[in-house]
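My entries follow the structure.

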Amino acid sequence: MKRIAIIGGGISGLAAAYALEEKRRAGIEVEYVLFEGAARFGGVLVTDRVDGCLLEAGADSFLTEKPWAIELCAKLGLADQLIGSNDSERKTYILVHGKLIEMPDGLMFMVPTKLAPTVLSPLFSTQTKLRMAREWFHPPHKANGDETVAAFVERHYGPEMVDRLADPLLSGVYGGEASQLSVRAVLPRFAEMEAKYGSLGRAMLAARSAMARGPKTAPRPLFTSLKEGMQQMVDALVAALPSDALRSKAIVQAVAPEAGGWVVSAGLQSDQFDAVILALPTKAAAVLLQRCGAELASELAAIAYSSSVTVALGYDKQVRESLPPGFGFLVPRSEGKRMLAATFVHNKFPHRAPEDRAIIRCFLGGARGEHMLALPEEEILRMVREELDQILQLKAEPLFARVFKWKGAMAQYGVGHLERLKRIETLRLKLPGLALAGNGYSGIGVPDCVRSGTAAVEDTLKTLGIMEAQSVSARP
């Protein structure tokens, strides 16, 4: 019987535990223990309920096009609990010179694919619109090395596009800055499009044309969530795992290779395992590996993280009717606000608020906002309400307010991240029985974390020779 320790009970660790539970139920002789330092499992996936409204403390949904979270939900019996975003109401605004301007139709992430809406939009200056027109004639270009998203976008569309779209969009997803994030790690498809087509606009149209020629499928929502909130996935995972395999409030102080296996020390107890999966932020993993793999620990520690603050505000029907339609707005750094973005939750996921309630979810922090974590909640609320008044002329007193702080929650894929991952993999292989999972490697969204945890299990079982042995015994 092989024993595997999973350290970290966020969504990556839970996905790894569930993958092992599936193997165990299928007859593979394996035991596992999931260690989590906090009192609850699930990490940043926390759902709260106030005044008939459903509030998300962390991620409120995930991208539908990435299948791993949806597949996991189906296995957990949650397929009928999945809901899509209300895309018929999908509008996003950009704050420009203190006014909200709607993003033009046909803008795919930051690539214009429809001429008329872009030309007529007040979002861009005449100079930027001319750059967009010239971009259609860019020849194929394969970069010699990595570069920032800002450099990449500016080369195609100019600095205004970086300021008004690329940077705000990436702040919302990664909590980072376009001037720091790697285009190859964050927008790999864009780098591939440039190499093949040169023009991103022509590449997007080619992709759309190819889809039109393919089999007809019903359009899917951009985002997917669960009826009872993202914590519903966490609760289902915990319920599917045996209680004796779950150890909360168990802070792991050390892991060390010993006698062909690993010793895991948590509290006053040490336990022997055949393999260890570190489903932790890379900096936390680095601390545990410092003694047994200093070079690996150094590479892991070099991956930066940003913190975030989420503020949820509830309002009455009068405020709801006064708000603009759509999903919300983004705030470029050039506007000088502390807020990065705001979501109108009652529009994006209507079921999360009664018809006489509005929920505005505001985001602060990011790469330049670490000091936000130290501010008292009252100060954060004052700041957010002041800026909502400036942007939306919203003076009403909220019916309720919640502030959620997440320190070091979002990995920052800087220039050279993919090369660092190769070095990390080479060094990891020098420690047999060690696997790594989490949002610090190849994607920060919930589906990416699910995939990461599942892949770590497959790698671990292969290293232990379990999968090969089962395959051989299954042959007729």
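The entries below cover the model, then the residues, then the pocket.

**Basis.** I worked from a predicted model, in which local features need pLDDT of at least 70, side-chain atom pairs count only at pLDDT 80 or more, and totals for chains, interfaces and linings use all residues. Residues are numbered from 1 along each chain as its sequence is written, and side-chain values use heavy atoms, with hydrogens and water left out.

**Asn 439.** I located Asn 439 in the loop between β22 (434–437) and α17 (446–463); helices (H or I, at least four residues) and strands (E, at least two) are DSSP runs numbered from the N terminus. Asn 439 is buried at a relative accessible area of 15%, where buried means under 20%, exposed over 50% and partly exposed in between (1.4 Å probe, protein chains only). I noted that the Asn 439 side chain reaches the backbone oxygen of Ala 409 at 3.0 Å.

**Arg 382.** I found Arg 382 in helix α15 (residues 377–392). Arg 382 is partly exposed, with a relative accessible area of 39%.

**Second largest pocket.** α17 gives the most to the lining of the second largest pocket, with six residues. α16 (417–428), β22 and α17 each supply at least two.

Terms used. A polar contact is a pair of N or O atoms within 3.5 Å; within protein, one must be able to donate a hydrogen and the other to accept it, and residues adjacent in sequence count only if both atoms are side-chain atoms.
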